[in-house]
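Subject: Structure handover and notes

Hello,

Here is the structure you asked about, with the sequence. My notes on what was found follow below it.

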Amino acid sequence: MKPMNETNAVNGWNTAREAGPKGILDSKVRFDADGVYIEGTPVILLCSSVFYFRIPRGLWRDRLRKVKEAGYNAIDVYFPWNHHEREPGVWDFSGERDVEAFLKQAADEGLWVVARPGPYICSEWDGGALPAHLFTDRQMRLRDNDPGFLQEVNRWFGRMMPILSRFELGKEGTVIAVQLDNELDFYDCQDPAGYISALRDMALSYGVTVPLFACAGQGDLYMASGHAKGVMPTCNFYPNDREADFEHKVVRYAEVLRSRGYPLCVTETNRSHFLLRRLLSGGAKLLGPYLQASGTDFGFTNAINNWGKPLAFLTSDYDFHGMITPEGGRREEFYEGRLLGGLLRSLGSGLAKAAPVPSFFRVETDLTVSGGMQYVLELDGGGYVIALPNVDQRDGSVQLHHGGQVIPQHSELKLAADRCPLLLYDFPLEQWGGKGRIRYSTAEVAAVRSTERKLTVVFTAEGDSESEIALTVPDAAEVIEGGAEVYGNGQELVLCFRQGVQGSAEIRCQDGRILAVHVLDRHRASRLLEITSGGELLFEAESESEAKSESEAEAGGQEEEAGRASEAVNLSWKKEMIPSGGAGLPQRWLELGDQAKPLEEAGIYRGMAWYGAKRKDAVAKPVLGVLLQDAGDILSVYAEGTYAGTVFPGGGHAYIPLEHPAEVSDLLIRAEIWGHTNFDDSVLPGLRLNSLKGVSHVVTVTQQISLASNWNFQICAPKEAGEPLPAGDPDAESCSIQSWGGWMTTRLPESGIYWKSFTASTDADRWMLHVPGAQCVLRVYVNRQYAGEVVPVVPFVDLTPYVEPGEQTEIALYMQRSYHQMAGRVMLYEGSDVVQWRVAGCQEEQLWQASEDNVGGAAPCELPVRLLPGELAWLQTELPADMAAKCRKVRCEGSGVKLTAFFNGHLVGRLWLEGGGVRPHMTGGGQDVIYLPEPWYREGNNRLSLLVEGIGEDAELRGFTWKTDL
């Protein structure tokens, strides 16, 4: 074995790079067809997302260090535009928003940075980071080559891009690439080439010199990047981890990108290292699992999106069960990262330039022969990596056949479920400073260290499996066994480690050099910290909780992580009831006149708001209910001070019946912006990217007419939307009389017109058709004019423009359906617009001040606390200072209540506890937990204030469980 410069591939690069990329001057970053080059050295980027805006500033360094300790060498980070421009033209890059401090810490920790400044980021963040004031310009084409939008983006890039330029690798930081927009192929961009080119030119004009890229969310490289010159397309893959043929897709994209001169960079994917290994085996050069470091949506930063059926509200707990919990705990995937990182460092540039080629092995197995088994990675400098992903949900075994050789020879190669070992074949030890070859191994390399006299190689395998390492060592003189069975002699050796055996073997060579081979089980190998210069293995000390049986691992999605203690804490609570509708909260009214406005048009972009209005009717007819139009996100209605109900219409319409008809004069509507959508979807108005919140119209309904019977019906030819009904269609002479949806036929699809007439009330000025439960095509005509189409998720059509008070009005509904589709029910609402509008907004700073102002008037109380529907109260307690050492997360127990939680001035979570019959679909993380970050504790007592709202019947907040350990 020839001597070489000392290397240690456990925790860092070789000793010339052990400090990571920090401080390297005159850097050159290239993304070429065969790989990623940083300062001329090819690397695989193992990249964890770390979002400074979801982690308290006092914990940024902790999370960065944990990512590095998990074996990662890079992070990707979004920069949300609306996090820094909270009001038009008002910028904030200080305190918790100090991106320069974050970038400096990343550089200090030796992590490369992939920067993603948008302008749109998605990320389940309010509006995808687009400032809500942009949405008030209804002519602006967001995320497109639109001059108005690009002018706005230029204001953001003018603030953000100079910072990224200053913190590029080789300057003051470690930024190695900048992403433009995000997953544009999911969006109906009319000119992707023009748009991405414009963003590119802006970035360059502000001094960015590192490579630029644009990621494809569903594989359309052109729609994502426009193939703009100088912008690299990348891929975001979110497959089923066990998709058997997934590697074929990966290899195909790698080939397409290689033909364009780029490597395959997977900038987002699932969090399992099982999948990351499969991506690596398919030729990916950047592995970017999304949300390995979980976080929290503090403040009013949550989003809504289409993860429900069809509407979902994102929880404040932002946790997809990556390797680091929101409060900083390590999950088992953390240690899987260490193993993968160890492999990447051990194989270095040879793996970084490797390319997948068709496998020359015949695979014999009782498992599915997955796509990964049909390729091998050809390493630069010689040798191969064999990937063996087990996509079945059971353990199995495999044999590899090639040229008369069978692998393994003396043992069984077992594959555990959800494992993808990456095994060496025909690998020259010269790459590690030795002589000879690894003919094959059935254990995976985890760490390597080479010194003047000794090459130490650590392999890892499942604890209950057998392992073989077959070696050719030309000048081997002696083998000292340490648990291995040795087959062969002289130069050709096979080290066999039987089931459950962890051991070693030393091969002493004639020139005095030593080849030391160690085999560890996965658990032990993932705790390996260092190979000393003498070849000793040093391990991380395990905490008592980690030493417990792995059968106590976390129950996915339930937050009861192994080793995490919880307890009930006795605290004194105080309660202060808030007057009906929240009148006791800060309200600075803005007069709107006789027309309501969406909140954004009134300058309210986040938080809570109140609308006040009066009924228009001169005749005091009793009000049956209140109809909200174009309404979102959460609206609670109070008629004459009496709570009527809470709805979340997703930007559509909602009818709230009053329990008892009343002569209503005053209305109060409390609105809460849960969040602007982070993902454009046409299924609901509130899921369009430029959707507005609050209400545009409110009608006091004075008559509700069921249109269930005595419809004229006539079969007709299919009709398209938009055109009026032609003369003679419908024809009263050739019709039958049917109940609504009652006509039946075997001719499919059924196509016909239902029509009837009504006389509009003289004292009404609004008419709305409601067809709940309809699943078929329904087009509405009023006096033969096309009025609109009933959409199943928003089954309302406004008839007002076509109706005259006191006049007879004909309604016709064209229906096209298959036999099984439901026609729903048909209702007609009559009423009047509400007038004399005013609105007031309230953000987290004002709410926290209100909670402080209410402390003096609060009365002691005990849990449980019960509220009537529509009631609001402050519930407050003081946490003693010593709880900072033990309390990180609070689990809330109750039902039918919505909570807005403040901790020492920070809005730390918004919860809507299940129960009471009224709640949207909640997704994204724990639905009942509040995180209390240690940096936000202060000396002395600490105030936890909860704004609690009763929503459903029997609303109750029963108690809390305090998490006392990470």
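Does Asn 904 count as buried or exposed? At 11% relative accessibility, Asn 904 counts as buried. Please keep in mind throughout that this is a predicted model.

Backbone

Asn 904 also stands out for its backbone. Its phi is near 50°, a positive value in a residue other than glycine. Most residues other than glycine have a negative phi, and most peptide bonds are trans. Asn 904 is in the loop between β61 (897–903) and β62 (906–912).

Arg 784 is another non-glycine residue with a positive phi, of about 70°. The loop that holds Arg 784 runs between β52 (777–782) and β53 (785–790). With a relative accessibility of 26%, Arg 784 counts as partly exposed.

Two cis peptide bonds can be noted here. One runs from Ile 407 to Pro 408, with omega near 0°, and Pro 408 is found in the loop between β24 (405–407) and β25. The other joins Leu 863 and Pro 864, where omega is about 5°. Pro 864 is placed in the loop between β57 (859–861) and β58 (865–867).

Cysteines

How many disulfides does a search of the whole structure find? The search finds zero. A disulfide is a covalent bond between the sulfur atoms of two cysteines. For Cys 47, the closest cysteine sulfur is that of Cys 265, and it is 9.9 Å away, so the two are too far apart for a bond. The cut-off that applies is 2.5 Å between the sulfur atoms. Cys 47 is buried, with a relative accessible area of 1%. Cys 509 counts as buried too, at 6% relative accessibility.

Cys 47 can also be set against Asp 245. The C-alpha atoms of Asp 245 and Cys 47 are separated by 24 Å, and the two residues are 198 apart along the chain. Asp 245 has its place in the loop between β12 (231–236) and α7 (246–259), and at 45% relative accessibility Asp 245 counts as partly exposed.

Aromatic rings and charges

The structure holds 45 aromatic pairs. One of them is formed by Tyr 655 and Tyr 829, which are stacked at 4.4 Å centre to centre, with 25° between the planes. This pair links distant parts of the chain, since Tyr 655 is in strand β45 (residues 654–662) and Tyr 829 is in strand β56 (residues 827–842), 174 residues apart. Both tyrosines count as buried: Tyr 655 at 16% relative accessibility and Tyr 829 at 5%.

Ring pairs also link a set of residues into a cluster. Its members are Phe 51, Tyr 52, Phe 53, Trp 60, Tyr 78, Phe 79, Phe 102, Trp 125, Tyr 290, Trp 307, Tyr 318 and Phe 320.

- Arg 143 has its charged end over the ring of Tyr 120, 3.6 Å from the ring centre.
- Lys 756 has its charged end over the ring of Trp 711, 5.4 Å from the ring centre.

Pro 119

Pro 119 is in the loop between β9 (112–116) and α4 (147–166). At 0% relative accessibility, Pro 119 counts as buried. Pro 119 and Phe 157 are 38 residues apart in sequence, and their C-alpha atoms are 8.0 Å apart in space.

Cavities

Rolling a probe the size of a water molecule over the atoms shows where empty space is left. The structure holds 13 cavities of 30 Å³ or more, and the largest cavity has a volume of about 150 Å³.

What lines the largest cavity? Its lining has 16 residues, of which Lys 414, Pro 421, Thr 442, Ala 461 and Glu 462 lie nearest the centre. The elements that give two or more residues to this lining are β25 (413–415) and β29 (454–461). β25 gives the most, with three residues. By class, the lining of the largest cavity has seven nonpolar, three polar and six charged residues.

Regards

Definitions and conventions: Residues numbered from 1 in each chain as written. Predicted model: local features only at pLDDT ≥ 70, side-chain atom pairs only at ≥ 80, totals over all residues. Heavy atoms only, no water. Buried < 20%, exposed > 50% of the residue type's maximum accessible area, 1.4 Å probe, protein only. Phe/Tyr/Trp six-rings, centres within 6.5 Å; stacked < 30°, edge-to-face > 60°. Helix = DSSP H or I, 4+ residues; strand = E, 2+ residues; numbered from the N terminus. Lys NZ or Arg CZ within 6 Å of the ring centre and 35° of its normal. 1 Å grid on protein atoms, 1.4 Å probe; cavity = no way out; pocket = protein on both sides within 12 Å on 5 of 7 lines; lining within 4 Å. Points joined across faces, edges and corners; volume = space filled by probe spheres on them. Nonpolar A, V, L, I, M, F, W, Y, C, P; charged D, E, K, R; others polar.
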